[in-house]
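Work through the exercises below with the structure open beside you. Try each task before reading its solution.

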Amino acid sequence: MLAARHWAPGTTVPVLSVPALSRRRRRIPRMAEAHQAVAFQFTVTPEGFDFHLSREAFKQLYLAGVYSWKKRLVCAKNSFLSGVYPASPSSWMVVVMATAGSFYCQVDPSMGMIARIRYCLPDSRFLSFQSRTIVSAALFSTGVWLSAVLLFRQTLKLLLSYHGWMFEPHGKMSRSTKIWAALVKVLSGRKPLLYSFQTSLPKLPVPPVEATIARYLESVHPLMDEDKYRHMEALAKEFKEKTAPQLQKYLILKSWWTTNYVSDWWEEYIYLRGRSPLMVNSNYYAMDLLYLTPSRVQAARAGNAVHSMLLYRRKLDRGELPPVMALGIVPMCSYQMERMFNTTRIPGKERDTLLHLLNSKHLAVYHKGRFYKVWLFHGGTLLKPRDLEMQFQRILDDPSPPQPGEERLAALTAGERVPWAEARTRFFSYGRNKASLDAIERAAFFLTLDEEAHGYSPDKEDCMDVYAKSLLHGKCYDRWFDKSFTLVVYKNGKLGANAEHSWADAPIIGHLWEFTLGTDRFQLGYDDGGHCRGEPNTQLAPPQRLQWDIPQECQDIIERSYRVAKALADDVDFCCFQFSQFGKGLIKRCRTSPDAFIQISLQLAHFRDKGCFCLTYEASMTRLFREGRTETVRSCTAESTAFVRSLGDARQSRAERQRLFKLAAEKHQHMYRMAMTGAGIDRHLFCLYVVSRYLGVQSPFLAQVLSEPWRLSTSQTPQQQLKLFDLNKHPDHVSTGGGFGPVADDGYGVSYIISGDDLITFHVSSKISSAETDSRRFAANIRRAMLDVAELFDAPARAAGK
């Protein structure tokens with residue numbers, strides 16, 4: 001500490017910020033940077049102290065303070081507006097003026113309430129009789145207004161609890177649903193903020209145990225022989241009659257006093273208590289635009305992307321993003337968006353925790369084994385894209401080598417959680433290691449300036465496979481897998497992201513990703529040389545190189561974590577391909593849901609690949625309810641298996657196969673709707689299991705249910721959530737979506753995105769170590785299955801020739 005040292009007379013004592021102290025330790029003379037870092041300095045002389053103030057430094061402090069208070073005021077204002085929505089301050093004024101006007105006309109709308117309030121007000125020489133009457137009228141009007149707000153909210157909550165609209169035929173709407181839709185529009189107001197509907201969303205209901213068990217038995221029937229099914233039926237009956245009633249009571253009680261009876265346990269037990277590596281097993285990725293790269297300049301693309309994300313964060317903090325709406329009128333929960341930025345998963349020995357900060361003004365950057373801290377604001381103002389490009393270019397031009405143990409440090413976040421937790425406590429809880437780790441964990445997000453070039457190339461067959469693997473795991477040490485997300489910018493300007501899963505689900509990152517790509521391309525843009533527009537501020541202090549002191553023992557732990565992660569990454573078999581024979585346009589002409597079409601095709605592909613059916617997981621969202629996350633759609637149904645078997649039966653006619661397909665598609669759509677409306681199977685059974693563990697109750701039925709592996713795990717990536725541009729007018733701006741690793745050691749993970757009318761991109765993952773799986777083989781089976789299913793409706797023999 002400076003105060004503990006003895007300074008001789010005549011010595012100038014600089015008071016430095018942390019970046020300047022760090023540079024002093026490294027003994028790198030950067031005069032312009034040091035000048036900006038000094039807020040004030042003083043000289044000790046025989047006559048006393050001589051102070052020298054830096055006007056520029058204090059100006060920056062002042063501007064930063066002004067920005068901070070502006071942000072707080074805007075957030076407070078928008079919180080108030082969301083709190084009283086669908087009412088507004090102007091509606092309060094109308095109520096007050098109407099009450100005052102009634103009094104002026106000698107009509108008392110309060111039926112004596114105003115007089116009673118006036119009587120309760122204390123007598124004062126500062127308040128005349130008329131003044132007390134005005135205050136009483138204002139208080140009465142405010143009470144009426146607040147009562148109306150509560151009434152509107154409860155009415156809207158009741159209306160949003162109606163889900164009959166989801167089960168009506170596509171394109172047809174009953175009279176009751178039309179009336180419902182009109183009422184929802186009236187009560188929803190004109191310009192809702194992001195969190196305006198949060199308190200109006202209904203709670204996720206707890207389904208009846210009998211219904212959940214019946215749906216479960218129906219889902220596993222086509223996967224079991226009769227003996228196994230009879231055994232499971234007996235376990236289910238015993239559970240329903242003896243154990244379930246007690247567990248259900250506790251679960252209903254929890255649903256009364258919590259916002260969502262599933263989400264907190266789901267986050268805790270599915271994610272935060274997991275001790276296996278996050279990389280591959282939990283984290284997922286998002287890809288850039290398929291055909292287009294707006295700039296090939298790495299630093300420029302990073303500058304625009306980071307600036308776009310920070311613009312999104314500002315809108316998010318202020319609640320200025322519009323809420324996602326189903327059918328344009330039904331709001332979805334926005335709770336998961338709160339932890340998108342400034343969030344890190346902190347490792348623990350038994351469970352991890354999520355560190356979320358209200359704000360962060362810097363970015364953590366990794367390049368060639370070095371870590372940097374880049375400030376995102378100057379004088380309280382967000383850095384422009386050109387300034388960010390300059391900062392990132394400085395990092396790219398830095399020739400300094402990594403410090404001992406620094407290059408593979410992030411492998412700790414890629415390996416097992418317990419060794420990372422122990423190493424964090426022993427080696428990163430004090431000194432410069434703690435300061436540098438704080439800089440990463442408390443950053444807005446993590447950026448990797450990758451040394452490789454990736455993306456779509458028609459000349460390279462496996463280009464997308466390599467691109468996917470790079471985003472999923474990279475080199476196992478060049479992504480910080482604990483951060484809410486890592487932005488990856490490749491040498492050729494391509495983008496990607498790797499996201500941690502515990503804080504939110506894929507559609508949330510997808511929302512940010514759409515905004516980033518759209519803003520980068522259509523709002524910020526680049527000059528003719530591919531650089532960000534504008535002129536850089538060359539007076540900005542360079543990025544701060546983070547300092548580490550990593551002993552050999554810690555380096556050995558890092559190396560062990562790296563070997564674990566490397567073995568996991570090398571075992572991932574990936575195949576990412578574009579299915580361009582047809583898309584949702586042709587599927588809709590077959591009069592079926594695109595998602596149902598693809599899911600049934602996946603069942604056909606899996607049957608051909610392995611010769612059997614398996615338990616299939618499709619992710620569905622429950623964001624129609626407050627703090628809802630996901631539910632499982634069990635896509636392998638009796639109807640879909642009957643259709644698949646019919647294709648191998650030469651005796652079945654085309655008409656019969658079409659009929660079976662229609663039944664399978666209708667069943668799938670019904671199950672998807674049931675899951676979205678809170679009548680799913682798996683989250684209810686999961687919560688019953690958690691209650692049983694708390695109570696110490698053994699249930700063979702629940703133990704069996706939760707031990708069943710998902711050998712086919714699937715998910716559809718949503719797109720055009722924001723509608724920043726018209727995809728029909730810009731067909732080269734199609735998204736590639738994203739993917740994830742295999743859930744089961746002997747299974748497949750399949751993610752797909754329906755991009756426009758003529759393209760579907762599939763991301764297929766499996767493990768090389770499994771003799772039963774092969775991602776390329778399964779991809780070929782998916783192609784063939786899609787064409788075979790479509791051929792039933794004649795359309796795709798034409799499409800196949802495209």
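**Exercise 1.** Are Arg345 and Glu500 buried or exposed? Then find how their side chains meet and which parts of the chain they connect.

Solution. The model is a predicted one.
Step 1. Both Arg345 and Glu500 are buried.
Step 2. Their side chains meet in a salt bridge, with 2.8 Å from N to O.

**Exercise 2.** How many salt bridges does the structure hold? Describe the ones formed by Arg426 with Glu553 and by Asp505 with Arg629.

Solution. 
Step 1. The structure holds 37 salt bridges.
Step 2. One of them joins the side chains of Arg426 and Glu553, at 2.7 Å from N to O. Arg426 lies in helix α14 (residues 417–427) and Glu553 in helix α18 (residues 552–570), so parts 127 residues apart in sequence are tied together.
Step 3. Buried means under 20% relative accessible area and exposed means over 50%, with partly exposed in between. Arg426, at 43%, is therefore partly exposed, and Glu553, at 42%, is partly exposed too.
Step 4. The side chains of Asp505 and Arg629 meet in a salt bridge of 3.0 Å, N to O. Asp505 is in the loop between β15 and α17 and Arg629 in the loop between β18 (616–621) and β19 (630–634), so this pair ties together parts that are 124 residues apart in sequence.
Step 5. Asp505 and Arg629 are both buried.

**Exercise 3.** Classify the aromatic pair of Tyr312 and Phe515 and the pair of Phe446 and Trp480.

Solution. 
Step 1. A pair of aromatic rings is described by the distance of the centres and the angle of the planes.
Step 2. The whole structure has 34 aromatic pairs. In the pair of Tyr312 and Phe515, the centres are 5.3 Å apart and the planes are at 65°, which makes the pair edge-to-face. Tyr312 in helix α11 (residues 298–318) and Phe515 in helix α17 (residues 506–524) are 203 residues apart. Tyr312 is buried at 0% relative accessible area, and Phe515 is buried at 7%.
Step 3. The rings of Phe446 and Trp480 have centres 6.2 Å apart and planes at 35°, so this pair is tilted. Phe446 is in strand β13 (residues 446–449) and Trp480 in the loop between α16 (463–472) and β14 (485–489), so parts 34 residues apart in sequence are tied together.
Step 4. Phe446 and Trp480 are members of one aromatic cluster, along with Tyr366, Phe371, Trp420, Phe428 and Trp548.

**Exercise 4.** Which strand pairs with β17, and in what sense? Which residue is the bridge partner of Cys576?

Solution. 
Step 1. Strand β17 (residues 572–579) has eight of its eight residues buried, so it is largely enclosed by the rest of the structure.
Step 2. Val572, Phe574, Cys576 and Gln578 point one way, and Asp573, Cys575, Phe577 and Phe579 the other way.
Step 3. β17 pairs with strand β23 (residues 760–767) in the antiparallel sense, over eight bridges. The bridge partner of Cys576 in β23 is His763.

Definitions and conventions: Residues numbered from 1 in each chain as written. Predicted model: local features only at pLDDT ≥ 70, side-chain atom pairs only at ≥ 80, totals over all residues. Heavy atoms only, no water. Phe/Tyr/Trp six-rings, centres within 6.5 Å; stacked < 30°, edge-to-face > 60°. Helix = DSSP H or I, 4+ residues; strand = E, 2+ residues; numbered from the N terminus. Buried < 20%, exposed > 50% of the residue type's maximum accessible area, 1.4 Å probe, protein only. Pairing = 2+ DSSP bridges. Salt bridge = Lys/Arg side-chain N within 4 Å of Asp/Glu carboxyl O.
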